[in-house]
Amino acid sequence: AYAQLAELDKKHFMHPTTSFKQQHEQGPKFIFTEGKGIYLKDIRGNTVIDGLSSLWNVNIGHGREELGKAAMEQMKKLAFSSTFATNSHERVIELAEKVANMTPGDLNMTFFTSGGSEANDTAFKTVRYYWQLKGQTQKKKIITRKKSYHGVSMGASSATGLPAFRTFPSLAPDFLYVESSIEALEALIQQEGAETIAAFVSEPVQGSGGVNPPPEGYFKKVRALCDQHDILFIADEVITGFGRTGATFGMEHYDAVPDILVIAKGITSGYAPLGGMVISEKLKNELIDLSDGVYMHGYTYSGHPMCCAVALENLRIIEEENLIENVRKMGAEFQKGFQWLADRHDVIGDTRGIGLLGAVEIMKDPETKTRFDEPVSVKVIEEALKHGLLGRSIIYEGQDTLAFAPPFCINKEEVATIISIIDQSLTTVLKRDC
Ligand code: PLP
């Protein structure tokens with residue numbers, strides 16, 4: 001069955017984020033068929049630990065039939081209806097209220113999308129629209145951090161601070177990339193002029209850029225700078241939202257409430273495609289006061305009833321099973337495990353993380369920050385797969401990082417298994433190849 005499907009995959013399925021050549025020559029490594037908890041099973045009978053919750057999104061874990069049931073019940077009753085203009089439906093209203101109750105500060109009103117890229121584009125269009133309504137048409141630049149990841153739509157890839165994602169010509173204009181220090185941000189605002197800057201966007205902890213927590217006190221100062229210069233603050237909580245860091249939202253760790261909070265992934269744990277932009281009560285009221293025409297922005301699937309029903313069930317499970325509490329407890333074990341690895345392996349130059357989001361940085365000589373000639377993390381991830389662990393290696397910008405973000409339902413033994421597989425795999429690769 002594998003061989004036949006692999007041939008068809010090579011022939012007809014254009015994969016996201018892949019090398020055309022590699023796909024053409026090798027075909028799919030895994031054809032997954034089922035999942036349960038932290039485990040995935042493929043068509044050749046291999047079981048692996050889903051150490052990254054697939055794409056940092058299957059937060060409650062695989063195989064929760066309640067979500068399938070919620071989807072089916074909604075689809076039987078009302079599979080689709082429009083939310084444009086004055087149309088609404090029960091599930092989208094319930095979900096918007098639920099999100100308002102979960103988000104910090106006065107973040108109270110949600111615009112729904114099908115994923116994180118669309119949600120970021122929505123935020124970027126909305127901040128520029130807002131300044132236009134206020135008559136400040138020159139306020140359109142958006143500052144984003146180097147090593148950030150915000151998605152791949154035209155706007156979101158333009159906002160992404162990893163140059164690897166900006167190799168497409170003619171991306172969107174007016175995005176500026178800044179180093180992750182408050183001084184660099186201040187200098188850039190001075191240089192460009194605050195009167196030209198619409199917004200600043202950042203993940204609380206950068207995910208795809210290598211699991212990078214912010215510098216000490218960073219977001220409190222960002223919030224103050226934004227207030228001082230009339231710049232809107234967008235937090236991209238696509239990975240960190242709904243519990244990943246041990247708080248409901250990542251920004252809660254850093255005592256800063258953004259004007260706009262962007263969500264996706266964990267809102268449905270990946271069981272259905274859904275994202276959104278949550279705006280503050282203040283911004284909402286200003287938009288009501290300022291606008292005279294129509295906000296000409298909306299996706300066919302803005303607030304899809306089935307996706308909203310799945311999100312509601314997912315959030316119910318996270319709450320009822322105290323899964324964020326488990327993220328805090330297991331996150332402590334997980335980060336302790338990384339520390340243990342760093343103590344055992346001289347090549348681990350840095351460990352980073354929060355909650356069930358973690359990374360180790362590999363260096364030939366951490367003292368002098370010298371790198372191996374070829375990234376070791378790629379080989380460690382390959383080796384770990386042989387022992388049944390799926391993780392990610394991140395090699396952008398000269399990094400050599402192993403990243404993991406397992407599902408919230410993980411237990412202590414499973415955390416220990418992950419750490420032990422990383423330990424074995426790193427030992428094997430260092431002995432064999434370095
Ligand atoms: N923002 C962040 C922080 C992400 O990690 C991602 C996806 O990995 C996105 C945005 C894009 O979301 P999507 O792939 O759903 O468009």
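Colleague: What percentage of the contacts in the chain with a separation of 6 or more is due to residues 24 or more positions apart?

Modeller: Such residues account for 71% of those contacts. Please bear in mind that this is a predicted model.

Colleague: How many helices and strands are there in the chain?

Modeller: The chain holds 14 helices and 15 strands. Its radius of gyration is 22 Å, close to the 22 Å from the globule rule for 434 residues, so the chain is as compact as a globular protein of that length.

Colleague: And what does the C-alpha trace span along its principal axes?

Modeller: The span is about 65 × 55 × 45 Å. As for burial, 47% of the 434 residues count as buried.

Colleague: Which domains does the assignment give?

Modeller: Domain 1 consists of 31–60 + 322–433, and domain 2 covers 66–320. Domain 1 gives 27 residues to the contact and domain 2 gives 25 residues.

Colleague: Which elements give two or more residues to the side of domain 1 that touches domain 2?

Modeller: They are helix 3 (53–56), helix 12 (323–344), strand 11 (348–354), strand 12 (357–362) and strand 15 (401–404). Helix 12 supplies the largest share, five residues. By type, this side of domain 1 divides into 15 nonpolar, nine polar and three charged residues.

Colleague: How far apart are the C-alpha centres of the two domains?

Modeller: The C-alpha centres of domain 1 and domain 2 are 28 Å apart.

Colleague: Turning to the ligand, which residues come nearest?

Modeller: There are 16 residues around the ligand, and Gly115, Gly116, Ser117, Gly151 and Val238 come nearest. The largest share of the shell, three residues, is from helix 6 (residues 116–133).

Colleague: How do the residues of that shell divide into nonpolar, polar and charged?

Modeller: Five are nonpolar, nine are polar and two are charged.

Colleague: How is strand 3 joined to strand 13?

Modeller: Strand 3 (residues 47–50) and strand 13 run parallel and are joined by two bridges. Aspartate 50 has leucine 390 of strand 13 as its bridge partner.

Colleague: Which residues of helix 13 are buried?

Modeller: In helix 13 (residues 376–386), the buried residues are Val376, Ser377, Lys379, Val380, Ile381, Glu383 and Ala384. Their cover includes strand 12, strand 13, strand 14 (392–394), strand 15 and helix 14 (412–433). Just after helix 13, glycine 388 has a positive phi of about 85 degrees.

Colleague: What is phi of lysine 369, and where does this residue lie?

Modeller: Lysine 369 has a positive phi of about 55 degrees, although it is not a glycine. Its place is in the loop between strand 12 and helix 13.

Colleague: Is lysine 369 buried or exposed?

Modeller: Lysine 369 is exposed, because 12 other C-beta atoms lie within 10 Å, and a residue with 12 or fewer counts as exposed. Lysine 265 also has a positive phi, near 25 degrees, but that residue counts as buried, with 27 C-beta neighbours inside 10 Å. Lysine 265 is in the loop between strand 9 (260–263) and strand 10 (275–280).

Colleague: How does strand 9 pair with strand 8, and how with strand 10?

Modeller: Strand 8 and strand 9 pair in the parallel sense over three bridges, with alanine 235 opposite leucine 261. Strand 9 and strand 10 are antiparallel, over four bridges, and isoleucine 260 stands opposite isoleucine 279.

Note on methods
Residues numbered from 1 in each chain as written. Predicted model: local features only at pLDDT ≥ 70, side-chain atom pairs only at ≥ 80, totals over all residues. Near = placed C-beta within 6 Å. Nonpolar A, V, L, I, M, F, W, Y, C, P; charged D, E, K, R; others polar. Domains from an automatic or database assignment. Contact = placed C-beta atoms within 7 Å. Rg over C-alpha atoms; globule rule 2.2 N^0.38 Å. Buried ≥ 20, exposed ≤ 12 C-beta atoms within 10 Å, placed from the backbone. Pairing = 2+ DSSP bridges.
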